[in-house]
Amino acid sequence: MDEKPELGERFTAAVGFAREKHHGDVRRCTRIPYLSHLLAVASLAIEDAASDPQLDDRFEDIAMAAVLHDVVEDTPVSVSEVADRFGPEVARIVKACSDAESTPKPPWRERKEAYIEHLEEADQAVLCVALADKRHNARCIVNDAAELGPEFWKRFNAGPDEQIWYYSAVAEVLTRRRRGPAADELRRTVDRLCDLARAHLA
């Protein structure tokens, strides 16, 4: 019988670390604890990785990196601290999924262009986590934009026109470099996101 992927104490520790470091953080302009996003991304990445024979040997590291994917970008935690606590592979994926490691962050467009360029060279473990992150973010944007209307876009540093550019570019790379149902879902969600954004620009 083939050995089945399992999530053990290392994953539990990563969830606890993420909860501690993001304590008090909420989703933008909501009362939703930020941990909800991290757990949603981990869930999507777990489903994707567990279905991919290429990623079997890195399954738990991918799950841990997914729940920690914003800890370097959005908290004082360093890549070296992630490596010390959770190992070099988790730290490598987290670093690759971060578009900034310094404060203040570089300008939004500059960061996003560099991130998209980096995805062109990323391996499948990194793409798996990045895809899960963008799937959840795009879903949330579509749901909130549909409910709140044009006022929704004021939540962001970049307006709807910039969001159209960014999510379209990310979806193009991910659907090309990590083909499958998860990427197809992202493409459909981003198409809806762009439709809403264009309607609100009109």
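## Close-up views of a predicted model

D61 has a relative accessibility of 16% and therefore counts as buried, since the cut-off for that class is under 20%. The structure shown in these views is a predicted model.

**View A. A salt bridge joins R10 and D61.** The side chains of these two residues meet with an N to O distance of 2.9 Å. The pair links distant parts of the chain, with R10 in helix α1 (residues 9–21) and D61 in helix α3 (residues 59–67), 51 residues apart. Side chains of opposite charge can pair when their charged atoms come close.

**View B. Helix α3 is mostly covered.** Nine of the nine residues of α3 are buried. They are F59, E60, D61, I62, A63, M64, A65, A66 and V67. The list includes E60 and D61, and D61 is the residue that meets R10 in the salt bridge of the previous view. The buried residues of α3 pack against α1, α2, α5, α6 and α8.

**View C. Helix α6 has buried residues covered by other helices.** In α6 (88–96), the buried residues are E89, V90, A91, I93, V94 and A96. The elements that cover them include α1, α3, α4, α5 (79–86), α7 and α8. An α-helix has 3.6 residues a turn, so residues three or four places apart point the same way. One of the buried residues, E89, also belongs to a network of salt bridges that links R58, E89, R92 and D123.

**View D. S98 lies in the loop between α6 and α7.** With a relative accessibility of 11%, S98 counts as buried. Its side chain reaches the backbone oxygen of V94 at a distance of 2.8 Å, and V94 is itself among the buried residues of α6. When neighbours within four places in sequence are left aside, S98 is in contact with H69, V72 and E73.

**View E. A salt bridge joins R176 and E120.** The side chains of R176 and E120 meet with an N to O distance of 2.7 Å. Here too the pair links distant parts of the chain: R176 belongs to helix α9, E120 to the loop between α7 and α8, and the two are 56 residues apart. R176 is partly exposed because its relative accessibility is 34%. E120 falls in that class as well, because its relative accessibility is 30%.

**View F. K134 forms a salt bridge with D133.** The closest N and O atoms of this pair are 2.9 Å apart. K134 has a relative accessibility of 5% and therefore counts as buried. D133 is also buried, because its relative accessibility is 8%. A search of the whole structure finds 25 salt bridges.

**View G. R27 is found in the loop between α1 and α2.** At 13% relative accessibility, R27 counts as buried. R27 and H37 are ten residues apart in sequence, and their C-alpha atoms are 7.8 Å apart in space. Apart from neighbours within four places in sequence, the residues in contact with R27 are I32, P33, Y34, S36, H37, H136, N137 and C140. For one of these, N137, a polar contact of 3.4 Å joins its side chain to that of R27.

**View H. The largest pocket has a volume of about 880 Å³.** Of the 35 residues that line the pocket, the closest to its centre are R27, R28, Y34, N137 and F156. At least two lining residues come from each of α2 (35–50), α4 (71–74), α7 (108–119), α8 (124–148) and α9 (160–177). Helix α8 gives the most, with seven residues. By class, the lining consists of 13 nonpolar, eight polar and 14 charged residues.

Key
Residues numbered from 1 in each chain as written. Predicted model: local features only at pLDDT ≥ 70, side-chain atom pairs only at ≥ 80, totals over all residues. Heavy atoms only, no water. 1 Å grid on protein atoms, 1.4 Å probe; cavity = no way out; pocket = protein on both sides within 12 Å on 5 of 7 lines; lining within 4 Å. Points joined across faces, edges and corners; volume = space filled by probe spheres on them. Helix = DSSP H or I, 4+ residues; strand = E, 2+ residues; numbered from the N terminus. Nonpolar A, V, L, I, M, F, W, Y, C, P; charged D, E, K, R; others polar. Salt bridge = Lys/Arg side-chain N within 4 Å of Asp/Glu carboxyl O. Buried < 20%, exposed > 50% of the residue type's maximum accessible area, 1.4 Å probe, protein only. Polar contact = N/O pair within 3.5 Å; in protein donor to acceptor, adjacent residues only side chain to side chain. Contact = heavy atoms within 4.5 Å.
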